[in-house]
Structure formats: structure tokens, C-alpha cells
Amino acid sequence: MREFIFRLFGRGRRPPDSDGDARPDGGTVTKEQTVGRSRLRDALDSDLLGSLPFWLPPALLIGLFVYGAIGWNVVISLTDWSGLGQPDYSSLSFAMYEEMLSDPTFWTATQNTFVLLIAFTVVTLLLGLLMAILVDQNIRFENTFRTIYLLPMSLSFVVTAIFWAWMYNPEIGLINVALRSVGLDFLAYAWLSDPRFSLAAVIFALMWQFSGYCMVVYLAGLRAIPTEQYEAARTDGASTIRMYRRVIIPQLRASTTSAAVVLMVFALKAFDFLFVLFGPTPGPSTDILSVMMFREAFRATNWAYGSAIATVLFLMALGVIGPYLYLQYSRGDL
């Protein structure tokens, strides 16, 4: 195709002189025409055109099915569509957002979402850091421990939820059975049905699943720190706690940032975990925005309201990913 265009526009002819090129019909080609053809040849020879078949199809598919779907969801949230018939796009308004802001259930679900997001991320980061420091002490069977700690990360939310639903069972669950076996019957609660402990039980289960991932991220960061810094800190008389607090942990900022972003994204995606544990109506203590969105859209057939909640979730995810991408861009990593 490019060779045809080159031949069509006179590729291979002699360079123009100061007055222009001669044409077969006796005319001349102006400098402007020659420069235009040269630019066209450069454009056709560029890497951008050569890579076009590789990036354009996936870019079009992503633009249609991801960003197009997000845009359509925002438009749906501005209608009063109930999921039946065709949406009426003639009168768009923010009525669903006004209804959402006056809905106590929305604010309860938002509060639970933020508690899950922050508590799960902070506790999991701390546990992963502690595990990484312990594994980094040249212990025996290090590879075995790393595999065991990382194994829960390979499980899906559904499998993890089923496993912990059995663990939290008030009668035959391993937790209450172990407590009763050592005489601590007064600590055997109905962990999932008691509003005082249900959200904490969810956070603990998710922490169990993702602490191994944080351990691996932190362990890679610890192994990247030169051993000379450890030796210098010990030579200066710093204790182990002071060395980690003043020298080692501040250098794990990049590991903390990347792990925190991944954890917060998974916290926003915890719909299937809570849905398996509690169903579409988990109650005020464990209701989060993603479950509420499903309930409004698929159970109450209020698609416009569900789309408004989905838009809020998208903005929350953007608030997590956006600053991280900007930070990476400012560092030159993107």
C-alpha cells in the first residue's frame, strides 16, 4: 500500500531544483508540492503507521466496551429508566443523584465502604510488612513460607468467602470450636450475624487473603536495599527497631504506594465476597456500595438509581488510581 502511494506521488524522482521538478507533460512541480510529498513519505515510513494494526483494534474495542460503557452508564444515571423498555434520553436530570444523597441507606453503605477500604488497607499493609521483615532474616524454609503466605492470594473471592463462612459458623466453625475447646465459650460469637463484629470479620478474612501479597511486595523492596545501609546503621549503634524505623521503612515508600493501590482496588471490588457471605441484603452493618448497586439495579429493577451508585463507585476508583498514575508520571515511570 505504501509503495503504491509512493509511486503515485512520484517516489524515486530526482530531487527538485530551485525552480521545481519537471513533469512528463512538460510542466513543473512546485517546491510546496515536493515538500508535501516528502512529508507524506515520512509519515508513511513512521513507526506509528507501522504499529497501527497492532494497537488500533484493541484501542477501539477498549474504547467501545470499557469507556463507552462507562459513558453510557453515566447517561443512564441521568434518566429514570427502570430497566424495562427503552431509556428516555429527552429529559436528562440529576434526580437520581438527589435521591441518592437523601437516602440513608446510601450513606450507611458509603460509610461501610470507606471503613472497609481504609481499615483493610492499613492493617494488611502492616501485617505484610511484619511478615516481610521476619522472612527477610534468612530463616530456614524461606521459599516454603513465602509459598504458604502467598497461596490465599491465588483464591477467588467466592472460594475465600465460602471458606470463611464455614470458619465463622457459630456452631461448627473452626473458630468457635477452638474457643470452646480451651474454655473460652464466652468469646464464641455469631461472627457474621452479630452487627458488632460482622464488618470486622469481613476485614479479617480479606486481610488473611491479601497479607501474603503485601509480604512479597515488601520483601522485594527490602531485598533491593543495599546491605551497606544495614551495616552502617549497626555501626552507628542503632537498635534494630530504630534502624527499621529511621533507615529501612522510609525507603519502602514505593512498595507501600503500589501495594496500597492494589488493596484499595480490591476493597472496592469486594462485591462477590460479601454477596456470598450475606446475599443481596447484608444489613446496615455490612452493606457496601457495590452490593447496594446490585440490589437496586437487579433486584428493585431501578437501573437509573443503580447506575448513579455505579458512577459514584467509578469516581472512588478514579480517586484511588488517578493520584497514583500522576505520581508515576511525575517520576517518569509512565
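User: In this predicted model, what makes helix α5 and helix α14 a crossing pair?

Analyst: Happy to take that one. The axes of α5 (residues 104-135) and α14 (residues 289-299) come within 8 Å and cross at roughly 145°. Angles run from 0 to 180 degrees between N-to-C directions, so the crossing can be read on that scale.

User: Which residues make the contact, and what makes it count as one?

Analyst: On the α5 side they are Thr 105, Phe 106, Ala 109, Thr 110 and Thr 113, and on the α14 side Leu 289, Met 292 and Arg 295. Contact means heavy atoms within 4.5 Å, and that is why these residues are listed. By class they divide into 4 nonpolar, 3 polar and 1 charged.

User: How do you know where the largest pocket lies relative to domain 1 and domain 2?

Analyst: Its lining tells us. Domain 1 (25-78) and domain 2 (97-330) both contribute lining residues, so the largest pocket lies between them. The pocket has a volume of about 350 Å³.

User: What makes up the lining of the largest pocket?

Analyst: There are 16 lining residues, and Leu 268, Lys 269, Leu 313, Phe 314 and Ala 317 lie nearest the centre. The elements giving two or more residues are α3 (47-77), α12 (253-268), α14 and α15 (303-330). The largest share, 8 residues, comes from α15. By class, the lining has 13 nonpolar, 2 polar and 1 charged residues.

User: And what lines the second largest pocket?

Analyst: This pocket has a volume of about 280 Å³. Of its 13 lining residues, Asp 136, Asn 138, Thr 227, Tyr 230 and Arg 234 are the closest to its centre. At least two residues each come from α9 (198-223), α10 (227-235) and α11 (240-248), with α10 giving the largest share, 4 residues. The classes here are 5 nonpolar, 4 polar and 4 charged.

User: What does the model show for residues 147-166 and residues 199-220?

Analyst: Residues 147-166 are 70% helix and 0% strand, with end C-alpha atoms 24 Å apart. Residues 199-220 are 100% helix and 0% strand, and their end C-alpha atoms lie 31 Å apart.

Methods
Residues numbered from 1 in each chain as written. Predicted model: local features only at pLDDT ≥ 70, side-chain atom pairs only at ≥ 80, totals over all residues. Heavy atoms only, no water. Nonpolar A, V, L, I, M, F, W, Y, C, P; charged D, E, K, R; others polar. 1 Å grid on protein atoms, 1.4 Å probe; cavity = no way out; pocket = protein on both sides within 12 Å on 5 of 7 lines; lining within 4 Å. Points joined across faces, edges and corners; volume = space filled by probe spheres on them. Domains from an automatic or database assignment.
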